Amino acid sequence: MSRFYYYLVMINMIANIISAVPTILLRYRNDGAVLSLIVGIILGLVIVIVYTKFFNAFPGKTFPELLVQTTSKWFYYPLLFFMAVMWFIAGISTLITYSFLLIRYLTPDIPIMLIGLTLILSIIFGCFMKTDRVLYTIEIVFVINFPIIIFIIIKAYTSKNLNWDFIREAMLHVVQAPNIHAVSSSIFLFLGVVNLVIFNRFFTQKQNFGLKQIIVLVFIAIATTFTTYFIPIGFHGSETVGELIYPWIATSDSMRMRYFVIERLVYVFLLLYLSMAFLSILIYWHVAVELFKYIFKLEKMKFKGINIGYIILIVFFTVSSLYIIVSLTEYQLFQYSKYFFNIAVVNFFAMIFLFIYIIRRMKGANKKANES
């Protein structure tokens, strides 16, 4: 598989380490979170494999193009609009989370609206770039930050403050029935593959996706999920960790770099995840922008030679994002995130049946074309 494919999958996993995902999982640590992780890994890998194989069967084709060839307008326009809204909300969730983090840890004296506006303006125009340029931007930022990510993970696993007894104690809850919110939250870590609905236009040649690639994905999935959930427990204990709003921020602040310019690792961690949040929002909103462009034909909305379609979309993204940022509290964000994860997971599982329908229709169309 192309390295860009792994970027889409891994960035979603890494960026959600500081989002609502670990907070939700740790809230249910005594109510089935461990078994929910196992179920989430299995179901998440099912989504990854099915989506990858589906889009790999149609190199260079986006999901809207496939829908146009196989379904009617009354069906695919509402579906694409729903998906665009879902991915727009996913980007807002990450944006709000990092805005709260900046207010709490780095810039407490700056109004949250100003922080949100700064982040939005640094991202929104990048969403209108061509898909290949978005991927090249992702690659540059990700490659620069990947060694730091590996360093932080190694630092966490080798820290003297990591108590493996806490982790073993948490594993004992594996006998409890899984919780639906914890399952959907863990599955959401794997939904970076859904971005192929637009990014598949970059993969114009059929990729090699076999057992080796699946094994790599299984390793990444298990390592990421285990690290996301168990490392904060290992540092803070199963009782204390439930009181933390941002478990991984507290975890990074528990690590020190004695012989470095910055001793507290939390500042390095925050700056690192600022760039990862940037990539995550850029991917989410690029997909949303492309879907909105396809639905509303924005390139055709012109007034006196000026394309007002893109201006309308930029204003909509900016105004609605700022309104949500100043309206929501941290508690509301986590509560709404639970239901958003549930809806997203159900929707993207249901799309598997649509994939089966599209494959059959495409085979029928190709058969008729060959006969003629």
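A pocket here is an open set of grid points with protein on both sides within 12 Å along at least five of seven lines, whereas a cavity is a set of points where a 1.4 Å probe fits but cannot get out. The model discussed is a predicted one.

The largest pocket holds about 360 Å³ of space. Its lining consists of 19 residues, and those closest to the centre are Ile 149, Ile 150, Ile 153, Ala 223 and Thr 224. Two or more lining residues come from each of helix H1 (3–15), helix H7 (131–158), helix H11 (211–240) and helix H13 (265–296). H7 is the main contributor, giving 6 residues. By class, the lining of the largest pocket has 17 nonpolar and 2 polar residues, and no charged ones.

The second largest pocket has about 220 Å³ of space. It is lined by Ile 89, Ile 92, Ser 93, Ile 96, Ile 324, Leu 328, Leu 333, Tyr 336, Ser 337, Tyr 339 and Phe 340. Helix H5 (73–106) and helix H15 (330–371) are the elements that supply two or more of these residues. H15 gives the most, with 5 residues. The lining of this second pocket is made up of 9 nonpolar and 2 polar residues, again without a charged one.

**Cavities**

Across the whole structure, a search finds 4 cavities of 30 Å³ or more. The largest cavity has a volume of about 80 Å³. Residues that line this cavity include Met 1, Tyr 5, Thr 52, Phe 55, Asn 56 and Pro 59, along with Leu 196, Asn 200, Phe 203, Gln 205, Lys 206 and Gln 207. Helix H3 (residues 33–56) gives the most to the lining, with 3 residues. The classes in the lining of the largest cavity are 6 nonpolar, 5 polar and 1 charged.

| Space | Volume | Element giving the most |
|---|---|---|
| Largest pocket | about 360 Å³ | H7, 6 residues |
| Second largest pocket | about 220 Å³ | H15, 5 residues |
| Largest cavity | about 80 Å³ | H3, 3 residues |

**Helix H6**

Helix H6 (residues 112–124) has 13 residues, which at 1.5 Å a residue should span 18 Å; its end C-alpha atoms are 18 Å apart, in agreement with that value. The buried residues of H6 are Ile 115, Gly 116, Leu 119, Ile 120, Ile 123 and Ile 124. Because these residues cover an arc of only 145° around the axis, they lie on the same side of H6. An α-helix has 3.6 residues a turn, so residues three or four places apart point the same way. The buried residues of H6 pack against H5, H13 and helix H14 (308–327).

**Ala 15 and Ser 280**

Ala 15 belongs to helix H1, and Ser 280 to helix H13. Buried means under 20% relative accessible area. Ala 15 has a relative accessible area of 5% and is therefore buried; Ser 280, at 3%, is buried too. Leaving out residues up to four places away in sequence, Ala 15 touches Tyr 273, Met 276 and Ser 280. Under the same exclusion, Ser 280 touches Ile 11, Ala 15 and Thr 94. The C-alpha atoms of Ala 15 and Leu 279 are separated by 8.3 Å, although these residues are 264 residues apart along the chain.

Note on methods: Residues are numbered from 1 along each chain as its sequence is written. This is a predicted model: local features need pLDDT of at least 70, side-chain atom pairs count only at pLDDT 80 or more; totals for chains, interfaces and linings use all residues. Side-chain values use heavy atoms; hydrogens and water are left out. On a 1 Å grid over the protein atoms alone, a cavity is a set of points where a 1.4 Å probe fits but cannot get out, and a pocket is an open set with protein on both sides within 12 Å along at least five of seven lines; lining residues have an atom within 4 Å of a point. Grid points are joined across faces, edges and corners, and a volume is the space filled by probe spheres set on the points. Helices (H or I, at least four residues) and strands (E, at least two) are DSSP runs, numbered from the N terminus. Ala, Val, Leu, Ile, Met, Phe, Trp, Tyr, Cys and Pro count as nonpolar, Asp, Glu, Lys and Arg as charged, and the others, Gly among them, as polar. The expected span of a helix is 1.5 Å times one less than its number of residues. Buried means under 20% relative accessible area, exposed over 50%, partly exposed in between (1.4 Å probe, protein chains only). The arc is that of the directions from the helix axis to the C-beta atoms. Contact means heavy atoms within 4.5 Å.
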